[in-house]
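Thanks, everyone. Let me take you through one structure this morning.

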Number of protein chains: 4
Amino acid sequence: MIIVVKPGSTQEQIDHIVAHIEAMGLRTDVSRGIKRTIIGVIGDEDLVRNAPLQAIPGVEEVVPILKPYKLASREFQQEDSSFEVGHGVKVGGGFLAMIAGPCAIEGEEILFEIARHVKAAGANILRGGAFKPRTSPYSFQGLGEEGLKILRAVGDELQMPVVTEVMDTRQVELIDRYTDIFQIGARNMQNFNLLSEVGQTKRPVLLKRGMSATVTDLLMSAEYVLASGNKRVILCERGIKSFDSSTRNLLDLSIVPNVRGLSHLPIIVDPSHATGRPDLIPAMSLAALAGGADGIHIEVHSCPENAMSDGPQALLPPQYARLMDQMRQLAGLFEKTIPVPGGAA
Amino acid sequence: MIIVVKPGSTQEQIDHIVAHIEAMGLRTDVSRGIKRTIIGVIGDEDLVRNAPLQAIPGVEEVVPILKPYKLASREFQQEDSSFEVGHGVKVGGGFLAMIAGPCAIEGEEILFEIARHVKAAGANILRGGAFKPRTSPYSFQGLGEEGLKILRAVGDELQMPVVTEVMDTRQVELIDRYTDIFQIGARNMQNFNLLSEVGQTKRPVLLKRGMSATVTDLLMSAEYVLASGNKRVILCERGIKSFDSSTRNLLDLSIVPNVRGLSHLPIIVDPSHATGRPDLIPAMSLAALAGGADGIHIEVHSCPENAMSDGPQALLPPQYARLMDQMRQLAGLFEKTIPVPGGAA
Amino acid sequence: MIIVVKPGSTQEQIDHIVAHIEAMGLRTDVSRGIKRTIIGVIGDEDLVRNAPLQAIPGVEEVVPILKPYKLASREFQQEDSSFEVGHGVKVGGGFLAMIAGPCAIEGEEILFEIARHVKAAGANILRGGAFKPRTSPYSFQGLGEEGLKILRAVGDELQMPVVTEVMDTRQVELIDRYTDIFQIGARNMQNFNLLSEVGQTKRPVLLKRGMSATVTDLLMSAEYVLASGNKRVILCERGIKSFDSSTRNLLDLSIVPNVRGLSHLPIIVDPSHATGRPDLIPAMSLAALAGGADGIHIEVHSCPENAMSDGPQALLPPQYARLMDQMRQLAGLFEKTIPVPGGAA
Amino acid sequence: MIIVVKPGSTQEQIDHIVAHIEAMGLRTDVSRGIKRTIIGVIGDEDLVRNAPLQAIPGVEEVVPILKPYKLASREFQQEDSSFEVGHGVKVGGGFLAMIAGPCAIEGEEILFEIARHVKAAGANILRGGAFKPRTSPYSFQGLGEEGLKILRAVGDELQMPVVTEVMDTRQVELIDRYTDIFQIGARNMQNFNLLSEVGQTKRPVLLKRGMSATVTDLLMSAEYVLASGNKRVILCERGIKSFDSSTRNLLDLSIVPNVRGLSHLPIIVDPSHATGRPDLIPAMSLAALAGGADGIHIEVHSCPENAMSDGPQALLPPQYARLMDQMRQLAGLFEKTIPVPGGAA
């Protein structure tokens with residue numbers, strides 16, 4: 001439910017409305033726009049269904065939100081969300097997140113080499129996993145805190161914001177000390193405790209779609225983060241399960257315009273995990289941008305055959321550079337901006 | 001299996017090789033290129049597995065095709081297939097098929113009106129169903145031959161090639177008298193008798209992917225048409241079944257670069273049936289083109305609310321015109337041509 | 001829509017009601033029960049939506065059928081359908097169809113051998129394909145009419161009803177001369193012309209579920225047969241597409257009670273095509289019976305490694321005999337009957 | 001990899017083998033059977049690929065395990081796992097887990113009432129959620145520790161083992177104080193940290209299959225628990241995502257015999273979450289038992305319309321009692337035992 005405040009209302013009146021709502025057991029979220037102030041009402045709307053809210057002084061209109069997600073909905077916020085994620089890089093509202101890097105952080109030298117390449121090609125966010133969700137307990141599970149230190153060092157040196165995955169509520173505090181953006185992986189998309197936990201931090205969250213999540217499921221998971229107070233959520237399509245094993249997963253690009261109609265949150269696309277095939281990544285990256293994606297997430301490794309995780313699906317740095325050239329042209333055609341980290345765009 | 005003929009071989013030698021192969025119970029397909037001649041061997045390769053084909057005079061090399069589809073494979077033909085479909089419109093090899101029109105043919109006047117609009121907007125092939133595969137036996141099943149006559153008349157008047165669906169082997173002869181291109185619908189993608197039957201005509205075939213067909217299934221169905229002697233097959237992605245009911249089907253754009261790697265046949269995309277939602281069609285059309293599709297198939301109706309079939313998913317003529325403007329720009333960026341039917345491009 | 005006729009109405013009154021309905025462009029289906037007569041109204045119900053049918057003399061009640069399928073619905077007929085399929089074998093309403101035989105008919109001797117085994121084990125319907133829908137145009141396509149003759153001869157000799165697949169409207173007449181039951185395969189479940197064509201014959205139809213058909217899709221396809229005048233339809237679950245390639249398809253047993261709630265038609269289960277794995281067939285056959293299936297369809301071959309089609313998924317005759325023993329016990333527990341063909345049960 | 005120890009080897013020899021393996025960086029798991037001792041080697045087998053293990057004194061044979069899961073595989077342990085879960089209830093190896101109870105714990109009185117009913121009907125494990133994974137942050141999230149206390153009290157009073165869901169690594173210690181069995185829900189099936197954490201407790205784990213997990217995915221997740229030292233894992237099929245929305249999920253019963261071939265772990269079936277439809281639960285429960293399931297998990301509520309979570313899919317106590325009667329008969333036919341908690345079977 002959204003309460004539209006009458007233009008010209010005083011702060012006192014707004015405080016009064018808020019107090020009134022909160023007394024009923026709900027939470028509020030006040031957005032002060034240039035033209036008018038809007039109060040989002042969060043929680044079980046049954047509590048106020050029959051309350052005469054319209055009669056409170058200062059209330060112009062009470063607008064119900066019919067979707068099960070509230071804060072994430074376009075009804076709640078009409079303009080695209082757009083926010084900074086670190087080192088001056090904006091995402092959303094016409095600004096494209098170009099995330100690149102290796103699947104796992106394997107060492108400082110190799111990460112440095114890859115990061116330099118992708119930054120030179122135009123990437124504006126560096127990715128790398130320190131804690132890896134591996135299907136097998138016997139596979140390489142990541143370097144842990146050592147990996148986080150490397151990632152931070154490389155990000156600082158190159159002035160790039162960094163993103164890394166968090167898998168456990170107990171890791172949030174540790175990872176918060178090193179990363180700019182938390183990544184929630186597909187397998188944890190409905191780990192609701194983890195969503196609430198990162199929702200209580202001050203860092204943007206890259207939320208990957210679960211392997212068989214509907215668009216509503218995805219937005220409900222975003223709602224968990226938003227409802228915990230964190231407004232900076234970037235959604236990410238990374239492929240869903242399918243009956244055709246010729247690709248690793250099935251990239252569902254239609255979720256991009258679908259989300260953009262339903263929500264103000266930015267949504268990016270990860271063709272690396274979606275296809276698992278470097279030969280399909282360039283075409284699907286261009287398709288994603290043309291379809292309205294707010295960014296592209298690509299795994300890049302300088303020697304995929306030696307990568308400790310997901311090597312075969314990574315692009316080589318020169319392949320990534322060629323693709324970035326094409327993506328830049330396409331971004332130009334659609335009047336989107338690819339921010340340059342750490343400085344002048 | 002492909003037999004590469006030695007450069008400079010005489011026609012007599014080629015005839016001898018062909019006779020040799022056919023004597024073993026297989027069929028042949030001779031392609032005379034500028035540099036060299038290639039003989040495709042079609043049928044059960046077990047029959048020649050141990051025959052010393054390399055010893056036949058004039059044979060330079062015997063190349064096995066490992067894919068289950070032979071004539072459809074890139075191994076069999078490296079360059080993109082490109083062919084005319086009527087009124088001077090080429091498809092494939094950089095030429096884009098822009099197919100538009102109503103789901104069903106409802107009358108001459110209304111089809112004329114829609115056709116004029118889409119042609120003016122840049123469409124180069126007119127679609128319309130005369131025999132409709134309807135889930136319910138109680139729904140409108142199409143105008144039949146009367147519809148075909150209307151389609152032909154409108155196509156002739158506007159000098160546009162036309163495409164219409166064939167559902168039954170017994171209809172092939174009738175429809176062949178009116179259409180330029182046969183459409184095989186998703187529900188008949190594995191109606192192998194129908195595939196063989198249209199494979200024996202001289203008209204191009206628009207083969208839609210079945211609702212849960214793999215890329216191999218689709219190419220195997222194309223192989224049925226090719227193996228019957230008809231080389232002009234256009235594949236079409238139109239969405240597959242999925243667990244998310246927010247769209248009618250799930251558009252699988254990754255099949256576009258996937259097919260382009262495996263086959264020389266053109267592949268187009270139908271976002272109308274794939275999404276069932278006019279609000280998603282523009283974004284997915286642009287995504288399809290950027291992903292390498294050889295054309296876009298869109299349902300257009302001047303009053304969708306009155307359409308006798310699939311109305312709600314149709315674009316209005318002005319929406320289609322706006323989208324064609326954007327698609328033209330994108331085609332330019334990717335150096336693709338949208339042929340103009342009946343005349344100068 | 002169903003019209004319940006007043007008890008004690010005369011034939012004249014009933015004829016009058018029928019004439020009235022048909023004058024509106026609809027068809028009727030009169031069921032004379034012991035207690036009362038019911039008239040099914042078939043066709044586009046919009047035509048009678050506002051007609052005062054209740055006022056026609058003899059009409060007691062007008063009951064709308066809300067499902068899109070009418071004749072197939074439980075609303076239309078409350079008791080389970082039960083009918084003979086040949087050689088005295090009844091199916092439905094407590095009578096179990098035990099269908100067994102090879103995938104393809106390969107020769108008289110081998111079919112005879114398999115048929116004798118399965119009949120001895122308790123099978124009551126013999127299956128075998130003469131026209132095979134093969135994914136590849138280069139695979140064995142069946143023996144055609146020669147195969148049909150063999151099937152008929154073996155069925156007659158052993159007094160077993162036989163079932164074989166029809167793939168093309170042009171084959172209906174030919175196959176009708178040899179078979180007891182028409183099979184419509186999964187790939188043709190939505191070949192609506194073929195459904196209408198077998199609907200005009202007098203033979204029962206075994207309708208297999210398409211690979212991604214919903215329960216509504218399946219019942220709508222049955223409706224095509226029923227609406228053409230043929231009431232004897234047996235539905236068959238044979239597995240749907242899934243993301244787990246450890247089985248050939250995914251057996252969806254929940255469709256059995258689901259169909260039984262929605263429709264009066266019998267539904268059987270084919271674990272051979274559903275799993276593609278002989279090691280899973282016994283467990284899934286027992287599960288299907290316990291879940292309420294009206295029969296089990298199993299491929300049996302005396303030397304699967306030499307079978308010309310789908311060999312690896314066939315059971316050996318002794319495996320089938322062991323499984324039939326278990327199924328007989330389970331049938332006893334659930335008070336179902338396995339009819340013995342050609343004679344005393 | 002499994003090392004079979006020579007019969008008659010001394011403890012010293014076994015210790016020596018273990019020390020040898022562990023010195024290479026691997027872990028071991030020693031199973032002392034009646035006839036012989038087996039040492040499981042856990043970890044990255046590449047480390048010992050070329051080591052001459054066969055030469056170590058006491059080693060009879062070195063058997064590689066080809067599956068990606070090791071401890072969970074039938075190769076590792078041929079006999080069915082069978083273990084006690086509390087109050088004398090055994091699961092696996094012919095003993096059936098009959099789990100019943102409400103979705104969420106709502107209060108002591110109501111849980112008591114439901115529990116008494118299901119115990120009287122023959123259920124041997126009581127379920128109830130204290131921490132609920134809800135798609136919406138605004139839905140009832142469970143009573144937390146208060147709920148755990150109620151569950152423990154009711155279980156103790158009725159002498160039934162209890163199972164409840166754990167969603168967060170931080171909850172493991174708390175829940176461990178109250179429950180007999182940890183449940184890992186479908187959404188957390190690949191929450192690898194949580195799996196490792198419950199793997200370090202001494203309580204059995206009920207591991208539900210993820211909504212689009214393959215059989216390999218499920219066994220790999222079980223492997224996480226086993227590899228952490230906890231051998232008592234019960235797998236649970238609870239339906240997967242599907243394109244047919246007529247049921248909540250799609251029950252995949254074929255995973256039961258599939259798992260039983262690949263693994264020694266017990267696997268049970270939850271038709272409540274799988275179908276979401278009380279009318280389908282009885283048929284699917286019977287099907288599951290006939291297909292070889294080691295137990296059935298059913299939601300029961302005495303007034304589903306008032307249930308705070310998932311009410312509409314619950315059975316009423318009398319429906320459950322009738323179903324248990326049928327299941328008892330079926331268990332008898334298949335010579336399975338339904339243990340009676342707290343006393344004489």
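One caution to begin with. This is a predicted model.

Let's start with chain C and chain B. How many residues does the contact take from each chain? It takes 34 from chain C and 34 from chain B. The two chains bury about 2,900 Å² between them. Of that area, 51% is on carbon and sulfur atoms.

Which helices of chain C supply at least two residues each to the side that touches chain B? They are helix H5 (192–199) and helix H6 (215–227). The largest share of that side comes from H6(C), with five residues. By residue type, the side of chain C that touches chain B divides into 12 nonpolar, 12 polar and 10 charged.

Next, the symmetry. A rotation of 180 degrees superposes chain C on chain B, with an RMSD of 0.1 Å. The shift along the axis is 0.0 Å. The two copies are thus related as by a two-fold rotation axis. Which residue of chain C comes closest to that axis? It is C:Ser212, with its C-alpha at 3.1 Å. And the surfaces match up: 100% of the interface residues of chain C are also interface residues in chain B, so the copies meet through the same surface.

Over all chains, the count comes to 60.

First pick, in chain C. The side chains of C:Arg260 and C:Asp80 meet in a salt bridge, 3.1 Å from N to O. C:Arg260 sits in helix H7 (residues 255–262), while C:Asp80 is in the loop between strand E4 (59–63) and strand E5 (83–86), so the pair ties together parts that are 180 residues apart in sequence. C:Arg260 is partly exposed, at 25% relative accessible area. C:Asp80 is partly exposed as well, at 27%.

D:Lys231 forms a salt bridge with D:Asp29, the closest N and O atoms being 2.4 Å apart. D:Lys231 lies in the loop between helix H6 (215–227) and strand E12 (233–237), and D:Asp29 lies in strand E2 (residues 27–32), so this pair links parts that are 202 residues apart in sequence. D:Lys231 is partly exposed at 37%, whereas D:Asp29 is buried at 13%.

D:Asp270 and D:Lys208 meet through their side chains, 2.6 Å from N to O. D:Asp270 is in the loop between strand E13 (267–269) and helix H8 (271–275), and D:Lys208 is in strand E11 (residues 205–208), so the parts they tie together are 62 residues apart in sequence. Buried or exposed, D:Asp270? Buried, at 0% relative accessibility. D:Lys208 is buried too, at 3%.

There is also a network in chain A. Salt bridges that share partners join A:Arg74, A:Asp80, A:Arg260 and A:Asp294.

Now a helix in chain D. Nine of the 10 residues of helix H9 (residues 281–290) are buried, so this helix is largely enclosed by the rest of the structure. Among the buried residues are D:Ile281, D:Met284, D:Leu286 and D:Leu289. After H9(D) comes D:Gly292, with a positive phi near 105 degrees.

Staying with backbone angles: most residues other than glycine have a negative phi. Here are two with a positive one. A:Gln159 has a phi of about 55 degrees. A:Gln159 lies in the loop between helix H3 (145–158) and strand E9 (162–165) of chain A, and is partly exposed at 39%. D:His87 has a phi of about 50 degrees. D:His87 lies in the loop between strand E5 (83–86) and strand E6 (89–91) of chain D, and is partly exposed at 27%.

Last stop, A:Ser254. This serine is in the loop between strand E12 (233–237) and helix H7 (255–262) of chain A. A:Ser254 is buried, at 2% relative accessible area. Its side chain makes a polar contact of 2.7 Å with that of A:Asp252. A:Ser254 also touches chain B, at B:Leu250, B:Leu280 and B:Met284.

Note on methods: Residues numbered from 1 in each chain as written. Chains lettered and ligands numbered in written order. Predicted model: local features only at pLDDT ≥ 70, side-chain atom pairs only at ≥ 80, totals over all residues. Heavy atoms only, no water. Contact = heavy atoms within 4.5 Å. Buried area = accessible area lost by both parts, 1.4 Å probe. Helix = DSSP H or I, 4+ residues; strand = E, 2+ residues; numbered from the N terminus. Nonpolar A, V, L, I, M, F, W, Y, C, P; charged D, E, K, R; others polar. Least-squares fit on C-alpha atoms with pLDDT ≥ 70 in both. Buried < 20%, exposed > 50% of the residue type's maximum accessible area, 1.4 Å probe, protein only. Polar contact = N/O pair within 3.5 Å; in protein donor to acceptor, adjacent residues only side chain to side chain. Salt bridge = Lys/Arg side-chain N within 4 Å of Asp/Glu carboxyl O. Lists of a residue's contacts leave out its neighbours within four places in sequence.
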